[in-house]
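Subject: Structure handover and notes

Dear colleague,

Please keep it open beside you as you read.

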Amino acid sequence: MTNNNDPKYQSGFGNEFASEALEGALPEGQNSPQNCPYGLYAEQISGTAFTAPRAANQRTWFYRIRPSVSHKPYVSATSLKTSRFSVDPTTLVATPNQLRWSPFSIPDQPTTFVQGLKTVAGTGDPSIRSGIAVVIYAANANMTREAFYNADGDLLIVPQLGRLEICTEMGPIHAKPTEIVVIPRGIKFAVNLPDGPSRGYILETFDRHWELPDLGPIGANGLANPRDFLAPVASFEDIDTGKPFTIFAKYQDKMFELEQGHSPFDVVAWHGNYYPYKYDLGKFNAVNTVTFDHPDPSIFTVLTVKSANPGVALADFVIFPPRWMVAENTFRPPWFHRNCMSEFMGLISGGYDAKAEGFVPGGASLHSAFSAHGPDTTTFINASKEVLKPVKLRPDGLAFMFETSLMMHVSKWALEDCGTDLQKEYYSVWQGMPKRFNQNKK
Ligand SMILES: O=C(O)Cc1cc(O)ccc1O
Ligand SMILES: [Fe+2]
């Protein structure tokens with residue numbers, strides 16, 4: 001990859017982009033001329049069925065030094081034998097218990113991004129294009145002469161610790177905690193970790209692709225604005241000598257690898273609307289009450305993957321950013337609730353208004369369908385007697401939620417093998433709720 005520490009991007013969501021690292025590398029007026037400029041190979045990657053409606057149709061044309069198909073056969077990935085990146089039912093358990101984890105441990109041994117992927121919860125089967133997985137990455141080593149693609153689904157990556165320098169077929173994307181990256185299904189990428197130890201959350205979705213939510217009565221602007229999404233520009237490396245490149249692939253929930261003699265990051269130009277992108281969560285234009293109560297947290301949806309059921313998300317990516325709280329005569333933290341959807345929450349920085357302690361950056365919680373949850377006892381008591389002035393809620397706090405209409409199973413890794421990361425006494429935060437009932441006093 002041409003060395004570029006501060007890559008350039010092109011802005012917009014779902015745009016049709018055209019990008020060339022060498023002038024004139026994109027064929028004019030057609031996709032597949034008899035001979036492409038500079039002796040490049042044309043190759044299409046389809047992210048939707050050829051016949052998907054125009055508004056949903058996603059594909060990109062690459063102009064690359066060699067076609068992707070020039071590689072040795074796929075074999076089972078022996079170096080990833082211990083991979084826990086799977087929703088194979090034998091690795092998962094159903095539990096309605098409210099669960100919470102302390103910050104997930106970073107490995108002591110050298111571990112790359114791909115080696116450090118662990119599924120926490122999930123359900124479905126990528127082979128029938130149905131389901132999702134919540135995944136943690138915890139890594140400390142660069143992917144050198146390696147790349148990875150996920151044939152099973154899109155990856156929405158939420159860095160929590162350490163920056164990511166991601167090399168993709170479409171060009172480089174650098175992301176820091178408070179930014180997110182989406183790598184759509186099938187696109188090859190490699191991750192370098194300039195800060196060393198790194199950790200974050202991933203939502204893997206086996207169907208469709210991420211979309212901006214409709215805004216309804218909010219109007220034409222607000223929440224995540226399309227122009228703040230950034231896609232890479234073409235950048236290539238021309239390497240076909242030395243140690244072979246290893247390409248890892250997750251296919252039907254199993255890890256494979258193959259060798260090839262040339263760099264997979266050899267795309268000199270591309271055009272299309274199927275590409276990875278990043279978004280800075282600090283750009284989110286939060287909308288909320290200026291009177292009383294607060295809307296459901298769907299008001300904070302950054303991106304959504306629709307299900308076949310109108311208005312019901314396969315997955316929503318929701319954030320709780322720093323914001324002004326002004327509601328009058330209102331219990332301001334999240335209320336007690338039971339939800340038909342399942343809620344996995346993570347914390348990027350600071351704290352979260354429903355929990356006085358225990359929910360900390362790098363940790364997580366899972367409140368599954370209809371399992372009751374809400375403010376812990378301390379938060380409830382404090383918020384019930386708080387003097388309601390306008391307050392800027394936690395200027396350093398950034399929590400998020402992966403909300404899904406599916407009922408996820410929890411991985412044995414997250415219940416048993418992640419050691420002390422699982423907080424076995426989580427239930428106790430709701431014990432000792434004072435009895436406040438007094439039928440003689442309204
Ligand atoms: O559980 C949570 O903390 C997320 C959440 C916040 C809120 O204000 C209302 C409902 C909800 O699920
Ligand atoms: Fe909730």
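Leaving aside neighbours within four places in sequence, Leu 156 is in contact with Ile 180, Val 182, Ile 202, Leu 203, Trp 210 and Phe 317. Please bear in mind while reading that this is a predicted model. As general background, nonpolar side chains tend to be buried together in soluble globular proteins.

In general, strands of a sheet pair through backbone hydrogen bonds, either parallel or antiparallel.

Why is strand 13 largely enclosed by the rest of the structure? Four of the five residues of strand 13 (residues 171–175) are buried, and therefore the strand is largely enclosed. Strand 13 pairs with strand 12 (residues 164–168) in the antiparallel sense over five bridges, with Leu 164 standing opposite Ala 175, and a hairpin of two residues joins strand 12 to strand 13.

Strand 20 (residues 267–272) is likewise largely enclosed by the rest of the structure, because five of its six residues are buried. Four bridges join strand 20 to strand 2 (residues 17–20), which runs antiparallel to it, while five bridges join strand 20 to strand 4 (residues 59–64), again in an antiparallel arrangement. Gly 272 of strand 20 is the bridge partner of Phe 17, and Gly 272 is also the bridge partner of Thr 60.

I then turned to the positions that carry annotations. An unreviewed UniProt entry lists residues 283–437 as "domain: Homogentisate 1,2-dioxygenase C-terminal". In the model this span is 9% helix and 27% strand, and its end C-alpha atoms lie 44 Å apart.

For "active site", the unreviewed UniProt entry lists His 294. His 294 is found in the loop between strand 21 (277–280) and strand 22 (301–306). Is His 294 buried, exposed or partly exposed? His 294 has 17 other C-beta atoms within 10 Å, so it counts as partly exposed, given that a residue needs 20 or more to be called buried and 12 or fewer to be called exposed. Not counting residues up to four places away in sequence, His 294 touches Asn 288, Thr 289 and Ala 327.

Asp 293 has its place in the loop between strand 21 and strand 22. Although Asp 293 is not a glycine, its phi is positive, at about 55°, and with 12 other C-beta atoms within 10 Å the residue is exposed.

For "binding site", the unreviewed UniProt entry lists Tyr 352 and His 373. They are spread over 22 residues of sequence and yet cluster in space, the largest C-alpha distance being 14.1 Å. Tyr 352 lies in the loop between strand 25 (342–349) and strand 26, where it is buried, with 23 other C-beta atoms within 10 Å. Leaving aside its neighbours within four places in sequence, Tyr 352 is in contact with Phe 320, Leu 347, Phe 359, Gly 397 and Ala 399.

His 373 lies in the loop between strand 26 and helix 1 and is buried, with 21 other C-beta atoms within 10 Å. Not counting residues up to four places away in sequence, His 373 touches Gln 98, His 337 and His 367. Phe 370 is found in the loop between strand 26 (364–367) and helix 1 (377–384); Phe 370 has a positive phi near 65° without being a glycine, and it is partly exposed.

Finally, please look at ligand 1. Which residues surround ligand 1? They are His 294, Pro 297, Pro 334, His 337, Asn 339, Glu 343, Ala 354, His 367, His 373 and Met 401, and this shell divides into four nonpolar, five polar and one charged residue.

With best wishes

Methods: Residues are numbered from 1 along each chain as its sequence is written. Chains are lettered from A and ligands numbered from 1 in the order in which they are written. This is a predicted model: local features need pLDDT of at least 70, side-chain atom pairs count only at pLDDT 80 or more; totals for chains, interfaces and linings use all residues. UniProt positions are given in the numbering used here, feature names are shortened, and annotations may be inferred rather than shown by experiment. Two residues are in contact if their C-beta atoms, placed from the backbone, lie within 7 Å. A residue is near a molecule or strand if its C-beta atom, placed from the backbone, lies within 6 Å of it. Ala, Val, Leu, Ile, Met, Phe, Trp, Tyr, Cys and Pro count as nonpolar, Asp, Glu, Lys and Arg as charged, and the others, Gly among them, as polar. Two strands pair if DSSP finds at least two bridges between them.
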